Amino acid sequence: MERSIKIMLLGISFMLIGLYIQGEPGIKLYGTEVIIVLFGFLLTVVGVFTKR
C-alpha cells in the first residue's frame, strides 16, 4: 500500500472516531472531538497531495 493511502485512511479513521465520540451519551470531551475531526481532515488532505 502506498504511503499516501495510509495517511488518508488514518485521517478518515480519526474523523470517524470523532463522529462516534459526538454520538455517545456517556463520553464527555467538551469540544475536543471537533479538534480530533479537524486533525483527521488535515491528515486526509495531506494524504491527497502527498506523492509516495
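Leaving aside neighbours within four places in sequence, Thr 44 is in contact with Met 8, Gly 11, Ile 12 and Met 15, where contact means heavy atoms within 4.5 Å. Thr 44 belongs to helix α2, helices being DSSP runs of H or I with at least four residues, strands runs of E with at least two, and both being numbered from the N terminus. With a relative accessible area of 15%, Thr 44 is buried; that label applies under 20% relative accessible area, exposed applies over 50%, and partly exposed covers what lies in between, with a 1.4 Å probe and protein chains only.

The model is predicted, so that local features need pLDDT of at least 70 and side-chain atom pairs count only at pLDDT 80 or more, whereas totals for chains, interfaces and linings use all residues. Residues are numbered from 1 along each chain as its sequence is written, and side-chain values use heavy atoms, with hydrogens and water left out.

Once its neighbours within four places in sequence are set aside, Ser 4 is in contact with Gly 47 and Thr 50. Gln 22 also sits in helix α1, but with a relative accessible area of 44% it is partly exposed. Between Gln 22 and Thr 32 the C-alpha to C-alpha distance is 9.7 Å, at a separation of 10 residues in sequence.

How many aromatic pairs does the structure hold? There is 1 aromatic pair, and it is formed by Phe 14 and Phe 39, whose rings are arranged edge-to-face at 5.2 Å centre to centre with 80 degrees between the planes. The pair links distant parts of the chain, with Phe 14 in helix α1 (residues 3-23) and Phe 39 in helix α2 (residues 32-49), 25 residues apart. For such a pair, rings of Phe, Tyr and Trp (its six-membered ring) must have centres within 6.5 Å, and planes under 30 degrees apart count as stacked, over 60 as edge-to-face and the rest as tilted. Phe 14 counts as partly exposed at 27% relative accessibility, and Phe 39 likewise counts as partly exposed, at 44%.

The surface has a nonpolar patch of about 440 Å², made by Ile 5, Leu 9, Ile 12, Leu 16 and Leu 19. Patches are made of residues with over 30% relative accessible area and no salt bridge, like charges being joined within 9 Å and nonpolar side chains (Val, Leu, Ile, Met, Phe, Trp, Tyr) within 5 Å; a salt bridge is a side-chain nitrogen of Lys or Arg within 4 Å of a carboxyl oxygen of Asp or Glu. Ile 5, one of the patch residues, is in helix α1 and is partly exposed, with a relative accessible area of 35%.

Turning to the whole protein, there are 2 helices and 0 strands, and buried residues make up 19% of the 52 residues. Among contacts between residues at least 6 apart in sequence, 59% join residues at least 24 apart. The C-alpha atoms fill a box of roughly 40 × 15 × 10 Å along the principal axes. The accessible surface comes to about 4100 Å², of which 72% belongs to carbon and sulfur atoms, with areas taken from the Shrake-Rupley method with a 1.4 Å probe and, for residues, only the protein chains shown counting as cover.
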